[in-house]
Amino acid sequence: MQKKEFVVFGLGRFGRSVTTKLAESGCGVLVVDNDEDKIQEMADIVTYAVRADVCDSEMIETLGISNFDGAIVAIGENLEASVMITILVKELGIPFVLAKAQTDIHAKVLKKVGADTVVFPEKETGIRIAHNLMMGNLFNAIELSSTTSMMEIDVPESWDGQSITELNLRAKYKVNVIGIKHKSELNINPDPEEQLSKDDILIVIGKNDTLNKLANLD
Ligand code: ATP
């Protein structure tokens, strides 16, 4: 697979965290910030780090980013800069632009000028954490809708040695087991006839109240 290339504008906490993960995952990353210290901090892990003002369209056009796979606009506070660079990268033809917003109005403007996805990292993380707290499973639940989640559930002792088919999970609880973790190895194509061990972890999709019930079985 060809290495994907991304450009990240703004190296606040969100921009740095996206950059680090992309770079660690083997993507090419070009970062732009007008703060020299922030550029120096990331220079070693990225493909290219440029100190520039994102409102300087002539400078940005010289970076040759039109063939990149995506742009991340990680500037929250400077509304003008965030909107200007979103317009510019869309004009340059970058196919996917994700922008961080600080307020609902900011998000609306970013959408209007062409951002493909607008995120509110703090708000979204807060909602996810609250959801996981509510599910009694701080790290291992992902909300799919207001009533449905995907969750990691320890195999209850009473299920030890039985298979998914024997337990009749789909009919009895209306949940789908989409994966089984055995000693940290994840099988995403589980055999319904395979015997479960009480040390396994199931990845299950279902209604929140049912998942909660399953998570509390002995
Ligand atoms: P976080 O919450 O992710 O830490 P933030 O939204 O509070 O970020 P901002 O103050 O918006 O952070 O700035 C993010 C980064 O964007 C900073 O490193 C800042 O130097 C950079 N930045 C702000 N304006 C410009 C600009 N016009 N050109 C280039 N970089 C900019």
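This chat covers the ligand site and the pockets of a predicted model.

Trainee: What should I know about the model before we start?
Mentor: It is predicted, so local features need pLDDT of at least 70, side-chain atom pairs count only at pLDDT 80 or more, and totals for chains, interfaces and linings use all residues. Residues are numbered from 1 along each chain as its sequence is written, and side-chain values use heavy atoms, with hydrogens and water left out.

Trainee: How many residues surround the ligand, and which are the closest?
Mentor: There are 20, with Arg13, Phe14, Asp33, Gly76 and Glu77 the closest.

Trainee: Which backbone atom lies 2.7 Å from an oxygen atom of the ligand?
Mentor: An N or O atom of Gly76. For Phe14, a backbone N or O atom lies 2.8 Å from a ligand oxygen. A polar backbone atom of Val54 is 3.0 Å from a ligand nitrogen. The cut-off for a polar contact is a pair of N or O atoms within 3.5 Å.

Trainee: How much of the ligand does the protein bury?
Mentor: 86% of the 640 Å² that the ligand exposes when taken alone. Areas come from the Shrake-Rupley method with a 1.4 Å probe.

Trainee: What about the second largest pocket, how much space lies in it?
Mentor: About 150 Å³. Among the residues that line it are Ile164, Arg170, Val177 and Pro192. α8 (169-173) and β9 (176-182) each give two or more residues to this lining.

Trainee: How do its lining residues divide?
Mentor: Into 6 nonpolar, 2 polar and 1 charged.

How values were computed. A residue is near a molecule or strand if one of its heavy atoms lies within 4 Å of it. A polar contact is a pair of N or O atoms within 3.5 Å; within protein, one must be able to donate a hydrogen and the other to accept it, and residues adjacent in sequence count only if both atoms are side-chain atoms. On a 1 Å grid over the protein atoms alone, a cavity is a set of points where a 1.4 Å probe fits but cannot get out, and a pocket is an open set with protein on both sides within 12 Å along at least five of seven lines; lining residues have an atom within 4 Å of a point. Grid points are joined across faces, edges and corners, and a volume is the space filled by probe spheres set on the points. Helices (H or I, at least four residues) and strands (E, at least two) are DSSP runs, numbered from the N terminus. Ala, Val, Leu, Ile, Met, Phe, Trp, Tyr, Cys and Pro count as nonpolar, Asp, Glu, Lys and Arg as charged, and the others, Gly among them, as polar.
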